[in-house]
Amino acid sequence: MGKNLKNINKKEIINEFFSFERFKNSLFFLLIFFVSIFTNGQSGPDFTILADKAFQKLYQNPDDCINYTQSLLNSDQNTEHKIVLQNIISQAYAMKGNYVESVTISGEMEDAGKQNYSGFLKLFTDYSLADQYQNLDLYHQSQKIISDLLNDKKTFRNDDQKSKITIAKLYQLQGLNYGITRDYNKALENFDKSDQYIDTHNEENKIIGFENKIFRSSYLMKQGKVEEARIFLENVIINLNQHYNYQFLTALAYENLSRYFFIKQDYGKAVENLEKSLLKIQNLPYNGLKVRIYESLSNNYFALHNDEKYHQYNKLYMETKTQLDSGQREGIRYIVKLVENYQNKNLEFQKQNELKRFWILASILLLIIVVLIIYFLAQNARNKEVKKQFEFFEKQNKRTLLSPVSAEKSPEKDCSKISKEKEEEILQKLREWELSDQYLSKSMSLSMLSAQMGVNTKYLSEVINNSKGKNFNGYINELRINHIAHLLKTDPVYLNYKVSYLAEFSGFSSHSAFTTVFKSVTGMSPNAYIQEISKSRTS
């Protein structure tokens with residue numbers, strides 16, 4: 001239309017304006033022209049620029065990010081844009097520890113995606129679901145989704161920027177999943193692959209790159225490569241402080257660097273870095289990171305024998321951790337309620353749409369049903385018996401250890417319907433889980449363990465009962481006692497800790513419960529055990 005207006009002779013325009021009717025028509029055409037210019041300017045300037053700014057705010061202030069992104073969401077009707085923006089909002093709520101709201105936004109993403117399920121949207125919503133599972137500590141489900149995506153050639157067909165960023169995030173998530181199970185080599189390999197799909201075209205790419213460096217340094221320290229990790233972190237901190245304003249990333253880098261000094265037993269330097277970390281996010285709602293900082297501060301002040309600071313930060317840690325654990329449990333319950341609603345919607349949707357969409361929705365429905373089955377079976381089997389994971393190391397000749405339960409199965413157990421292949425699969429998952437130290441969490445239960453492993457609770461209970469021979473509480477408590485006993489034997493720092501701290505550290509709700517279980521497993525009280533270890537070290 002702009003070209004047509006330019007082709008109009010100036011004299012003709014002047015003549016038309018002398019006519020009242022033609023004058024009105026000219027105004028009408030001019031109005032359409034300027035509206036079209038304004039509209040084109042708004043739909044284009046690039047959504048990628050606006051989304052990139054929203055993503056930056058995610059690492060500056062979650063509340064500002066939510067408000068800004070919501071304003072974009074309200075004015076954009078593009079389905080693909082809406083899903084990208086909803087994912088950013090969902091991540092912001094997760095970083096605040098509001099898992100229920102985060103899951104709710106993910107549900108809205110699923111609804112929007114069903115309207116236009118393109119190749120990119122399928123990839124992006126699956127990534128978002130894997131991210132959501134990881135937020136809720138359901139690492140097995142997250143890892144399964146990502147493995148399927150990365151093994152699918154369709155994932156790598158698109159060479160556009162948005163698909164590359166999503167693939168980079170998938171590799172990053174998978175690296176974190178491998179880190180949870182202590183497969184640090186695979187974790188580092190996935191971070192390297194993630195780096196291959198990012199560039200410096202926008203801030204989102206740069207942020208993912210910074211995150212990969214920080215995560216990589218964390219796992220390098222766990223491999224004993226502490227100096228290499230320190231160099232990584234110091235370079236990241238210098239770069240962030242000089243050129244960027246990402247409070248979360250800077251705080252995360254300082255928090256990881258403090259772990260280097262803790263390993264070196266330079267507790268004063270560790271506290272200094274933790275205080276820098278906390279200062280960056282003191283007035284920001286990054287509760288997930290704050291709980292890690294509070295815990296590290298309490299541990300370092302304990303090592304420095306500063307009881308006042310220890311109690312101060314230990315109290316903050318316990319309060320924040322309890323709040324986050326509660327929110328996480330609510331998030332798991334809420335996602336089950338949401339998927340139950342999706343099931344009903346999907347059944348109705350199948351009757352109304354063509355065959356192609358029917359199969360897409362059927363696959364989603366299958367996933368929903370699996371999640372529902374796992375959840376409800378886990379809730380109904382909390383008190384099932386489990387077998388203890390490993391034996392307590394031999395250290396007392398005159399003490400009586402717990403006698404092993406006979407491996408012979410009763411006739412009723414022999415009649416179990418579970419196959420040997422399935423039993424071995426579950427046992428392997430248990431072995432992997434036992435490496436993660438998640439049994440130290442006070443909120444760990446049979447239902448949560450079942451959900452994390454993606455295993456039918458009934459089968460899980462049967463396999464544990466047959467091969468471990470202990471109820472769940474006995475199994476978890478013995479793992480905790482073995483863990484703390486190993487630390488007492490191998491790390492002299494723990495010999496100076498109070499029994500109440502050891503009880504809390506190993507996941508017990510009270511000092512008395514810890515003492516009772518400790519004596520039943522080792523044959524002596526915690527104080528007597530510590531004295532024995534101390535004597536053996538001085539002799």
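Residues are termed buried under 20% relative accessible area, exposed over 50% and partly exposed in between, with a 1.4 Å probe and protein chains only. The model is predicted, so local features need pLDDT of at least 70 and side-chain atom pairs count only at pLDDT 80 or more, while totals for chains, interfaces and linings use all residues. Residues are numbered from 1 along each chain as its sequence is written, and side-chain values use heavy atoms, leaving out hydrogens and water.

Aromatic residues were examined first. Rings of Phe, Tyr and Trp (its six-membered ring) pair if their centres lie within 6.5 Å; planes under 30 degrees apart count as stacked, over 60 as edge-to-face and the rest as tilted. The structure holds 27 such aromatic pairs. One of them joins Trp433 and Tyr439, edge-to-face, at 6.1 Å centre to centre and 70° between the planes. Trp433 and Tyr439 are both buried. One aromatic cluster is formed by Phe302, Tyr310, Tyr494, Tyr497, Tyr501 and Phe505.

Charges also sit over rings (NZ of Lys or CZ of Arg within 6 Å of the ring centre and within 35 degrees of the ring normal). Lys57 lies over the face of Tyr68, 5.3 Å from the ring centre. The charged end of Arg480 is over the ring of Phe508, at 5.7 Å from its centre.

Helices are DSSP runs (H or I, at least four residues), numbered from the N terminus. Helix H23 covers residues 472–490. Of its 19 residues, 14 are buried, so H23 is largely enclosed by the rest of the structure. In helix H4 (residues 47–58), the buried residues include Phe47, Ala51, Phe55 and Leu58. Their cover includes helices H5 (62–74), H6 (79–96), H10 (161–180) and H12 (203–222).

Asn273 lies in helix H15 (residues 267–281). Its relative accessibility is 4%, so Asn273 counts as buried. Contact means heavy atoms within 4.5 Å. Neighbours within four places in sequence aside, Asn273 is in contact with Tyr254, Leu257, Ser258 and Phe261.

A nonpolar core is a set of buried Ala, Val, Leu, Ile, Met, Phe, Trp, Tyr and Cys residues joined through side-chain atoms within 4.5 Å. The largest has 117 residues, and those touching the most other members are Tyr59, Phe248, Leu249, Leu289, Leu297, Leu502 and Phe514. Helix H14 (residues 247–263) gives this core its largest share, nine residues. A second, separate core of 20 residues includes Leu427, Leu446, Val455 and Ile476.

Key
Helices (H or I, at least four residues) and strands (E, at least two) are DSSP runs, numbered from the N terminus. The expected span of a helix is 1.5 Å times one less than its number of residues.
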